[in-house]
Amino acid sequence: MKKNRLFFIVFTIIVSFSLSFLFELVVFNRNVIGKKSLDNVKIINNNDVDYKNDRYITTSKQAYFVLDIQNHYINNIKFDYNSNKNFSWKIVYLNESEDEVIMNFDSSLYLNKAIKKIGKNVDQLKIEINSKNIEISNFSIDNSIYLYWERIIVMTLIMSLIAILFKYRNYFIKNIDKAFFISSLVLGFSFILLTPKLVYNSFDDQIHFKNVINIFQKEEYNYSYAEQITLEGIGVRDTNFYSTRQEKRELYNYLNKIHEKKDNRSFISNKGSNYYKQLIYTPYWIGYKISNLFNLKYITSIIIAKLFNLIAYTILLSLAIKYAKYGKKIIFTIGLLPRTLFLASQFSNDPTIIASIIFASALFINMITEEKINKKSLLAFVLLIVWASLPKAIYCPMLLLLLFIKNDKFDNKKQALLFKILVIVLTLLLTITFVLPAASGSLTGDSRGGNTNGTEQLKLILSNPVFFAKVLARYTYINLFDNFLGIKNFVNLAYTINNSYIYPLYGFYLLFVCYVVFTSKKPDYNFNKLIKLACVLVIMAIWTLICTALYLSFTPVGSIEILGVQSRYFVPLLLLVFYLIMTVNKVKEENTTFAYYFVQIVMVSLVLGIVSLKIIG
Amino acid sequence: MNKNRILFISIFVALFIIVLLFPYKTETVKTYKHINKSTIDKLEKEDNIEQLFVSDGNYDYIGFFYANYGNLIKKGHIFISIENERGKAKEYKIKAKSLFDNSSFYIKYKLKKGKKYKVSINNNTGKDVTFYTTEEKLKNNKLYRNGELQPNNLILSFKKNKTSYKTIWYYMMFLTIVLMIITLKEEKVKK
């Protein structure tokens, strides 16, 4: 039986790989099949260039070359260069309608080859170099077949996933947690492979990456040159640099090479946050350190670091699905939303916070709806909320939900009261970690928000609470729906693509989520109005804390708007919100179908397909 | 009181004392506001910039918001001299390879509240570097580039080391969680 299973999996992978390889070759390289590349393209004109030692050297910012292409098809134009600085340049040509097409590019001082996509038949090409002292040589037309291996691997994995889920559907229909485990790993890993391998893909991921590398927040730290270039981000976050996959590959090879040598130097910077807040980065750090220990390449180390956190995220949500008595399918759906999967595949502290709080929410509903409290669930709930609150203490009010568990669910009243007192103490201690800095006047504000000053803002709130209450009410009225069920919580991939390409999928996701929520069995026993009120109060408290925190740190003093609030801060609360609005009494929780998995995998695959085609840079 | 309880209490008291005796070292940082943030013209080898300022507090470090136009500079130094009111100057030779582009770097220098200081900066890397400036209105600050008064001032940061007993809160959280476990377990034993 096991041998048959293994044979099927291996066979599926081989067939999927072959199909993916053929698809990549025939479909994505169809424009170059049968077309020849051309080395040393003839230069028929040039300006402000000297010719020395088989190279051209630009002597002004108006230097240019005119290349004789003779209506050849150009997939990519290539040239070699040598420069001690980043420089800008342009391609100019006439299209079929005789209109002038201008393409602007930047090339990095770290590379020696420019490879830019044209994808047209062109008669003549003018290349203008807007910088002096750039050595240029070997203009060529590259029409070679390029295999985008990451896409081939992703197609292989997704086809195999669908085949395996279908073949063993009877098993996976009953074991939704296991279905989630493999789906999340495959789809999340696909995001890791297809999105740019460095940072500046997601929100503040360069800061999170820095926190991962220097997890103990040492004041003096020796970054490798590769890490420095990654963190500085020059060129990396600009769409004109490395705009083809070939150039990206050249950059990655360069970074791999320089990461091996760690010069003797140290950077003195701010001590950063309290190291307890750093604990959330542990999975990334373990992956990165293990890779460095085995001298794996720099880019591979980054991929493995991201993978380790994805595994942590997947394990937490799989356990949430396994142990949840209500809302298994809802957790599955939230876990596979493109937004949450994307965050789980990048450097961020959000994924494990989301997974921890969702798991805790499921455990809370379990405890409420059981006759006697499960002590392991109780302690797991506490630990999960504390874990999520260490980097972001604003989620600590979730602990107060435990106060609404009836005393008769404990062994005796004394135990219940003592435990609840400890819950209040723990919540206060977590609250103090962010209230004290504000009260002591050491809030400085985030300069990205403009003229911010946390201490002044706090004084304003305390001296004029009615004004702030109006600001908060106004913000809530305008943004409440958007921040929970708006487009950005479903289909937003931060800076990796132009998100308008995937926004059309929002309608589907909203309907699908509503379908799942309103066809799942609602918690019935003991999930009464008081508990629901408690959930609403906790959600409102967290909403207020988040808005207040961003008003203090990210909003100019005295503003009537609240800036900096991001909808991803509310993703952890989605399950609790859905529990409140579920309506169905009689449907069996366990009813899943292969179609339920298939639809979600196809939708995420669609997003991944768009990412592979439209990735910025 | 049974032996286990005594042992638990002793361990917790010992941990509490250790946390008190070895507090966490943290820092406060104050930075000039980024008003119309810009950069001073790139510094070449012959150029010199001088920033006069008055310290608004007691600090242990002064920071400079540096940029190098995306060049990875592996050789050369930035020379910084800080002179106090009495004319006593302290000089620093900062390795350019230890500086992050678009980031602040700090040097250790004790500043006293209300005292005037003059910072001189020279670039000896052979590559273009610059420093970020602000148009924040700073009463006693003046910036000169090669002797010419500039309309803005360097963005400076000031850091002060301090002892934080924040670890106590986390210790108490840990203690609270352990007490929760004991609370849930004890009743089972009693039964």
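Two residues count as being in contact when they have heavy atoms within 4.5 Å of each other. Keep in mind that this is a predicted model.

**Exercise 1.** Work out how helix 6 of chain A and helix 7 of chain A are arranged, and which residues bring them together.

*Solution.* 
1. Find the two helices: helix 6 of chain A covers residues 225–232, and helix 7 of chain A covers residues 245–259.
2. Their axes lie 7 Å apart, at an angle of about 135°. That angle makes helix 6 of chain A oblique to helix 7 of chain A.
3. Now for the contacts. Helix 6 of chain A brings Tyr225(A), Ala226(A), Glu227(A), Ile229(A) and Thr230(A). They meet Tyr254(A), Leu255(A), Ile258(A) and His259(A) of helix 7 of chain A.
4. Sort these residues by class, and you get six nonpolar, two polar and one charged.

**Exercise 2.** Describe the interface of chain A and chain B, and find which element of chain A gives the largest share of its side.

*Solution.* 
1. Start with who touches whom: 54 residues of chain A are in contact with 42 residues of chain B.
2. Next, the area: about 4400 Å² is buried between the chains, and carbon and sulfur atoms give 64% of that.
3. Check for pairings across the interface. There are zero salt bridges by the rule, but five residue pairs are in polar contact.
4. On chain A's side, helix 6, strand 10, helix 13 and helix 14 each give two or more residues. The largest share, 13 residues, belongs to helix 14 of chain A.

How values were computed: Residues numbered from 1 in each chain as written. Chains lettered and ligands numbered in written order. Predicted model: local features only at pLDDT ≥ 70, side-chain atom pairs only at ≥ 80, totals over all residues. Heavy atoms only, no water. Axes fitted to C-alpha atoms, helices over the stretch in contact; angles between N-to-C directions. Helix = DSSP H or I, 4+ residues; strand = E, 2+ residues; numbered from the N terminus. Parallel < 35°, antiparallel > 145°, perpendicular 65-115°, else oblique. Nonpolar A, V, L, I, M, F, W, Y, C, P; charged D, E, K, R; others polar. Buried area = accessible area lost by both parts, 1.4 Å probe. Salt bridge = Lys/Arg side-chain N within 4 Å of Asp/Glu carboxyl O. Polar contact = N/O pair within 3.5 Å; in protein donor to acceptor, adjacent residues only side chain to side chain.
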